[in-house]
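Here is a short report on selected side chains and ring pairs. Please look over the sequence and structure first.

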Amino acid sequence: MGSETLSENPVASGGCQCGAVRFCVKGQLGSASICHCRMCQKAFGNYFAPLVSVKEGTLEWTRGTRKLFRSSNHVQRGFCADCGTPLTYEAPDGLALSIAAFDNPQEIEPVVQWGMEGRLPYLDKLSTLPAYTTERDPESVEFVRTMVSYQHPDHDTETWPQGHA
């Protein structure tokens with residue numbers, strides 16, 4: 001067989017905000033998309049759902065178990081029961097994971113949009129809005145400076161929360 005490199009056998013990990021649920025995908029990810037349909041908007045509590053499909057047999061749940069909600073007669077959606085992070089879209093034709101749940105979401109670029117009938121009309125204008133870093137808001141400087149994050153880091157940990165079995 002010869003030696004294999006990470007690029008030949010990619011591994012991508014991710015999980016929820018609190019770290020109770022973690023996953024690993026061993027193998028090439030499928031196509032990445034954005035869905036604007038109203039059901040995905042509600043499931044993600046957002047303007048759209050960024051998703052990437054995974055091939056059967058490549059996904060392993062490495063910590064915890066996702067909770068499932070049947071959003072239609074065809075689809076179940078997985079999420080963390082502890083923190084509510086959306087994790088999966090599961091349909092008869094396959095499973096997709098939330099792009100933002102990956103440790104390195106910037107590496108997963110959507111290539112298509114679906115559900116355009118539900119697309120919010122002001123999305124094209126977002127890039128024209130004034131934009132600032134968090135620290136630039138003078139009213140939130142002290143708030144941000146004193147914040148202690150309990151969010152799980154963007155990498156696997158042996159235990160979580162840290163120091164607990």
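A polar contact of 3.4 Å joins the side chains of E60 and K26; the term means a pair of N or O atoms within 3.5 Å, where within protein one must be able to donate a hydrogen and the other to accept it, and residues adjacent in sequence count only if both atoms are side-chain atoms. This is a predicted model: local features need pLDDT of at least 70, side-chain atom pairs count only at pLDDT 80 or more, and totals for chains, interfaces and linings use all residues. Residues are numbered from 1 along each chain as its sequence is written, and side-chain values use heavy atoms, with hydrogens and water left out.

E60 lies in strand β5 (residues 59-63); strands are DSSP runs of E, at least two residues, and helices runs of H or I, at least four, numbered from the N terminus. Not counting residues up to four places away in sequence, E60 touches R22, F23, C24 and K26. Contact means heavy atoms within 4.5 Å.

The whole structure holds three aromatic pairs. Rings of Phe, Tyr and Trp (its six-membered ring) pair if their centres lie within 6.5 Å; planes under 30 degrees apart are stacked, over 60 edge-to-face, the rest tilted. F23 and F102 pair edge-to-face, 5.0 Å centre to centre, with 80° between the planes. F23, W61 and F102 form one aromatic cluster.

Relative accessibility sorts residues as buried (under 20%), exposed (over 50%) or partly exposed (in between), with a 1.4 Å probe and protein chains only.

| Residue | Relative accessibility | Class |
|---|---|---|
| F23 | 0% | buried |
| F102 | 2% | buried |
| E60 | 37% | partly exposed |
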